[in-house]
Amino acid sequence: MLSSLLIAGLVYQYDCRTGRLRNSSFVKYVFPRSVYLHPSAVTDYKFVAVDLSIKLLVYVPLFSGISWLLYKSLYSALRPIGVDLSSSVLFSSAFMPGLVGFILADFGFFLSHYLMHKIPVLWVFHEVHHSAEVLTPITVHRVHPVEELLNGLIGSSISAVGAATYSALSAKDLVFFEIFGVNAISFIFFAFAFQLRHSHIWLSYGSVLNRILISPAQHQIHHSQDPQHWDKNFGFTLAVWDACFRSLYVPRAQEAIRFGLPYGDPSDFSSVSKLYVLPFKKSLKVLRRTREQQSTVKNATSA
Ligand SMILES: [Zn+2]
Ligand SMILES: [Zn+2]
C-alpha cells in the first residue's frame, strides 16, 4: 500500500508537470470522493468485510492442506524414479525453488482466470469482480467464493506438482514453509505499484516492459467496457502467458476507460447478498440452457 502510494505520488508529479492535471491536491487526486464513495466501492467494503473472514478461516487452511498432501504423495511416488540432479547448476541454487514456484503459481492464476472468462458457467461467478463500476485497492478482494475455490484448487495443485517434481530431481524434500512462505519474487512485484491496478491512476510500463509484465494500466484495460478490451490481459504478473494465448493488449497511449459490465443492470450487484446469491441463480440457468441445447442437437441428429 505504502509503495503504491509513493508511486502514485510520482505519477501525480509527472501529470502536474506535463499539464495533464491542474488545480488538484495530491489527496484529492489519489482519493477522489467520486471513486471512494461511489455505491460500487461502498458495496466492495461491505462484501470484503464479510468475505475475507470466511476465506481466511476456511480457504487458507484448506488449500495449504491440499497442496501439502498432494506434494507429499507425488514426492514419494517420483523420488524413486527421479534422477539425482542435485549437483547441477539448476538445482543447487537457492534461488531456483523460488523462481520455479513463482512461474508455476503465475501460470496457475492465468489459467484459472482464462477459464473463468471462457466457460459460461464459471463466468457468472467471475462477473462479480467485473461488476465493479469504480476500482479501488479493495476491489481486488471483490471475488466470489466459488472463483476463489477454483483459483485455490488450480493454484495449489500446480504448485504441488511443480514442487514435487523439483524436489524429486534435486533430491531435496522441501519443508512446509518453503512451499507456502512468501515468494521473494512475488513480494517484489507486490511492492511495486500492485495496488494501482485496481485504481483510477493510469500507470503503464511502456511498450516493451508491458510485453513482459502486466502493468496496472493493462489490468484496468481488462476491466474496461470497450469491446476492443474484452478478454484481454488475463495475466497476474507475467504478460508472456497472454502473448502465448493471443490475449495481450499493450496500450499505445493513455486510454479513457469505463469500468464495469457493458450489459445488464448495475443494481443486480448493489448489495452483499446479491453478490453472493445471483451467480448461483445464473449458473443454474446456464446449465439448464446447455442441457436444452444438447438435447436439441441429439434430437436433430437422431431425426
Ligand atoms: Zn477477469
Ligand atoms: Zn481486477
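Reader: I'm looking at Tyr 276: how many C-beta neighbours are inside 10 Å, and what does the residue count as?

Author: With 16 C-beta neighbours inside 10 Å, Tyr 276 counts as partly exposed. (The cut-offs: buried means 20 or more other C-beta atoms within 10 Å, exposed means 12 or fewer, partly exposed is in between, and C-beta atoms are placed from the backbone.) Tyr 276 sits in helix α13. The C-alpha of Tyr 276 is 9.6 Å from that of Asp 51, although 225 residues separate the two in sequence.

Reader: What should I know about the model and its labels?

Author: This is a predicted model, so local features need pLDDT of at least 70 and side-chain atom pairs count only at pLDDT 80 or more, while totals for chains, interfaces and linings use all residues. Residues are numbered from 1 along each chain as its sequence is written, with chains lettered from A and ligands numbered from 1 in the order in which they are written.

Reader: Which elements does the protein have, and how many?

Author: The protein has 13 helices and zero strands.

Reader: What share of the contacts join residues at least 24 apart?

Author: Take contacts between residues at least 6 apart in sequence: 73% of them join residues at least 24 apart. Setting aside neighbours within four places in sequence, Gly 162 is in contact with Val 100, Gly 101 and Leu 104. From Gly 162 to Gly 101 the C-alpha distance is 7.1 Å, across 61 residues of sequence.

Reader: And which residues is Phe 26 in contact with?

Author: Beyond neighbours within four places in sequence, Phe 26 is in contact with Gly 9 and Tyr 12. Tyr 12 is 14 residues away in sequence and 7.0 Å away in space, C-alpha to C-alpha. Phe 26 belongs to helix α2 (residues 26–30) and is partly exposed, since 13 C-beta neighbours lie inside 10 Å.

Reader: Which residues form the largest nonpolar core?

Author: In soluble globular proteins, nonpolar side chains tend to be buried together. Here the largest nonpolar core has eleven residues: Phe 102, Ala 105, Phe 107, Phe 109, Phe 110, Ile 158, Ile 214, Phe 234, Phe 236, Ala 239 and Trp 241. Helix α6 (residues 95–118) gives the most to this core, five residues. (Such a core is a set of buried Ala, Val, Leu, Ile, Met, Phe, Trp, Tyr and Cys residues joined through C-beta atoms within 7 Å.) A second, separate core has nine residues, among them Ala 193, Ile 201, Leu 203 and Ala 217.

Reader: What is Phe 234 in contact with?

Author: Leaving out neighbours within four places in sequence, Phe 234 is in contact with Phe 110, His 113, Tyr 114, His 117, Asp 242 and Ser 247.

Reader: At what angle do the axes of α7 and α13 cross?

Author: Two packed helices are described by the angle between their axes and the distance between the axes. The axes of α7 (residues 120–130) and α13 (residues 272–302) cross at roughly 165 degrees and come within 9 Å. (Axes are lines fitted to C-alpha atoms over the stretch in contact, with angles from 0 to 180 degrees between N-to-C directions.) That is why α7 and α13 are roughly antiparallel. (Under 35 degrees is roughly parallel, over 145 roughly antiparallel, 65 to 115 roughly perpendicular, and the rest oblique.)

Reader: Which residues make that contact?

Author: From α7 come Pro 120, Val 121, Val 124, Phe 125, Glu 127 and Val 128, and from α13 Leu 275, Pro 279, Lys 282, Ser 283, Val 286 and Leu 287. They divide into nine nonpolar, one polar and two charged. (Ala, Val, Leu, Ile, Met, Phe, Trp, Tyr, Cys and Pro count as nonpolar, Asp, Glu, Lys and Arg as charged, the others, Gly among them, as polar.)

Reader: How do α4 and α8 pack?

Author: Helix α4 (residues 39–78) and helix α8 (residues 145–170) have axes 8 Å apart, at an angle of about 30 degrees, so α4 and α8 are roughly parallel. The residues of that contact divide into 15 nonpolar, seven polar and two charged.

Reader: Last one: where is Asn 233, and what is its phi?

Author: Asn 233 is in the loop between α11 and α12, and its phi is near 55 degrees, a positive value in a residue other than glycine. Asp 231, in that loop as well, also has a positive phi near 55 degrees. Asn 233 is buried, with 24 other C-beta atoms within 10 Å, while Asp 231 is partly exposed, with 14.

Note on methods
Helices (H or I, at least four residues) and strands (E, at least two) are DSSP runs, numbered from the N terminus. Two residues are in contact if their C-beta atoms, placed from the backbone, lie within 7 Å.
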